[in-house]
Amino acid sequence: ISCDVAPDCDAFVFGTLIQRSEHNRRTLQQLIDREHFREVFCDLNIRPPHYDAESVERCLRHATMLKVSREELPAVTQLLYGESLGTDAAVARLCTDHSNIRLCLVTLDSDGAFVYDTRTGKTYRRPAKPVNVVSTVGAGDSFGAAFLTTYLRTKDVDAALQRAVEVSAFVV
């Protein structure tokens, strides 16, 4: 990645995977330090060996919107807190410890997804759409993109979550 490509934008999106090289970590930090982004959407892609405490913490420190899967949460809390926490406890602890996070999106595979809005204390839930699963490749990224674009356009968390569930079901 390059610092030459930070235009005025509605959101800045990154995650743990972009931070695999020292060059990218350094460049990412320069972008974050240099720019003021209205929204920072971070996706915690916990894919061994492509994450560490530093890359996860960088996401958590800067995210206004955090996306994580139910399967990833125990690994994240083990890494950060030395214990594997359940979904609700993990979300509560991460959001309490990182007050910059306004929305925490959690994908639940065949159980759907939910979004916790730290500003209101409200949780939005959507069941998964029943589909014939062909491949799950790209489901999380499409979920995040659909949520983010809908939310930026409407500021409606519930509508954004519904759209995200629909789009990721289509991708699957």
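Predicted model: local features only at pLDDT ≥ 70, side-chain atom pairs only at ≥ 80, totals over all residues.
Phe41 has Met65 in E3 as its bridge partner. The strands involved are E2 and E3, which pair in the parallel sense over three bridges.

The pair belongs to a wider arrangement. Six strands form an open sheet, in the order E1-E2-E3-E4-E5-E6, and the pairing is mixed. E1 and strand E6 (122–126) stand at the edges. Each has a single partner strand, so one side of each is left without a neighbour in the sheet. On average, and with direction ignored, neighbouring strands are turned by 15 degrees against each other.

Stay with E3 for a moment. Five of its five residues are buried, so E3 is largely enclosed by the rest of the structure. Met65, Lys67 and Ser69 point one way from the strand. Leu66 and Val68 point the other way. All of these residues are buried, the lysine Lys67 included.

Strand E4 covers residues 103–107 and strand E5 residues 113–117, and five bridges join them. One of the pairs is Leu105 with Val115, the latter in E5. The loop between E4 and E5 holds Asp109. Phi of Asp109 is near 55 degrees, a positive value in a residue other than glycine.

H5 lies across E1, E2, E3, E4 and E5. Against E3, H5 runs at about 155 degrees.

The loops carry some local details. Pro49 sits in the loop between E2 and H2. The peptide bond from Pro48 to Pro49 is cis, with omega near 0 degrees. Lys155 lies in the loop between H5 and H6. Like Asp109, Lys155 has a positive phi in a residue other than glycine, here near 60 degrees.

His98 lies in the loop between helix H4 (87–97) and E4. Is His98 buried or exposed? Its relative accessible area is 8%, and the cut-off for buried is under 20%, so His98 counts as buried. Leaving aside residues up to four places away in sequence, His98 touches Glu57, Leu60, Arg61 and Tyr81.

Lys129 is in the loop between E6 and H5. With a relative accessible area of 42%, Lys129 is partly exposed. Lys129 touches Val165, Glu166 and Ala169, again not counting residues up to four places away in sequence. Asp111 is 18 residues from Lys129 along the chain, and their C-alpha atoms are separated by 8.9 Å.

The largest pocket has a volume of about 670 Å³. Of the 29 residues that line this pocket, Asp109, Thr136, Ala139, Gly140 and Val172 are the closest to its centre. Which elements give two or more residues to the lining of the largest pocket? They are strand E3 (65–69), helix H5 (139–154) and helix H6 (157–171). The largest share, four residues, comes from H5. By class, the lining has 12 nonpolar, nine polar and eight charged residues.

The second largest pocket has a volume of about 180 Å³. It is lined by 15 residues. Val13, Phe14, Asp43, Asn45 and Asp141 lie nearest its centre. Strand E1 (12–15), strand E2 (40–43) and H5 each supply at least two residues of this lining. The largest share again comes from H5, with five residues. The lining of the second largest pocket has seven nonpolar, five polar and three charged residues.

Notes. Residues numbered from 1 in each chain as written. Heavy atoms only, no water. 1 Å grid on protein atoms, 1.4 Å probe; cavity = no way out; pocket = protein on both sides within 12 Å on 5 of 7 lines; lining within 4 Å. Points joined across faces, edges and corners; volume = space filled by probe spheres on them. Nonpolar A, V, L, I, M, F, W, Y, C, P; charged D, E, K, R; others polar. Pairing = 2+ DSSP bridges. Axes fitted to C-alpha atoms, helices over the stretch in contact; angles between N-to-C directions. Contact = heavy atoms within 4.5 Å. Buried < 20%, exposed > 50% of the residue type's maximum accessible area, 1.4 Å probe, protein only.
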